[in-house]
Amino acid sequence: MASEADLPKTSVEDVLETKGTLHDPPDVLTATPHDSVYDCIDQMARREIGSIVVMEEGEIVGIFTERDYMRKVELKGRRSRETPVRVVMTENVVTVTPDRSLEDCLDLMQDLQCRHLPVMGEDGQLRDMISMRDCMWQMTETAKSKALQLIDYMQDKYPVPMHG
């Protein structure tokens with residue numbers, strides 16, 4: 001059985017490379033704390049994503065997710081057009097950097113019971129957002145690639161003679 005050290009290593013940087021956002025300017029959906037919940041969910045729906053980062057003066061002050069909408073707006077009887085997102089956003093947002101392992105990110109998401117993590121660049125600026133789905137897809141693709149490499153290696157090293 002392979003030890004943990006033998007498992008394929010993947011990082012946030014690998015996800016950004018796959019998404020094509022590693023070297024591009026950030027295209028993360030953001031809002032201000034004063035934006036209405038309605039405006040936030042409208043933007044999220046148009047982009048077909050489940051969260052929006054709330055920024056004030058260049059700093060992350062919160063994140064608003066579909067789960068926040070369900071629990072803090074709908075179930076509380078709030079009106080999305082009249083409620084500022086600051087009232088219902090999740091504060092104290094945990095972020096990651098591109099060198100963070102995806103295994104660590106998944107553990108972090110599980111501990112925090114969240115599905116999205118903002119990615120901060122070396123300059124301390126918001127670079128991107130990764131989701132649990134991004135992490136799982138990248139880890140799965142990496143494992144598939146490693147498995148195919150192993151199959152190729154085994155077929156080259158131990159060819160099976162064909163009998164006609």
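**Close-up views of salt bridges**

**View 1. Aspartate 42 pairs with arginine 46 in a salt bridge, their closest N and O atoms lying 3.0 Å apart.** This is a predicted model, in which local features need pLDDT of at least 70 and side-chain atom pairs count only at pLDDT 80 or more, while totals for chains, interfaces and linings use all residues. Residues are numbered from 1 along each chain as its sequence is written, and side-chain values use heavy atoms, with hydrogens and water left out. A salt bridge here is a side-chain nitrogen of Lys or Arg within 4 Å of a carboxyl oxygen of Asp or Glu. Aspartate 42 and arginine 46 are separated by about one helical turn because they sit four residues apart in helix α2 (residues 37-47); helices are DSSP runs of H or I, at least four residues, numbered from the N terminus. Aspartate 42 is partly exposed at 30% relative accessible area, whereas arginine 46 is exposed at 61% (buried is under 20%, exposed over 50%, partly exposed in between, with a 1.4 Å probe and protein chains only).

**View 2. Lysine 19 meets aspartate 134 in a salt bridge, with 3.7 Å between the closest N and O atoms.** The pair links distant parts of the chain, 115 residues apart: lysine 19 belongs to helix α1 (residues 12-19) and aspartate 134 to helix α6 (residues 132-157). Lysine 19 is partly exposed, at 37% relative accessible area.

**View 3. Arginine 100 and aspartate 104 form a salt bridge whose closest N and O atoms are 3.9 Å apart.** Arginine 100 is partly exposed at 29%, and aspartate 104 is partly exposed at 36%. Elsewhere, shared partners join Lys19, Asp128 and Asp134 into one salt-bridge network.

Notes: Helix = DSSP H or I, 4+ residues; strand = E, 2+ residues; numbered from the N terminus.
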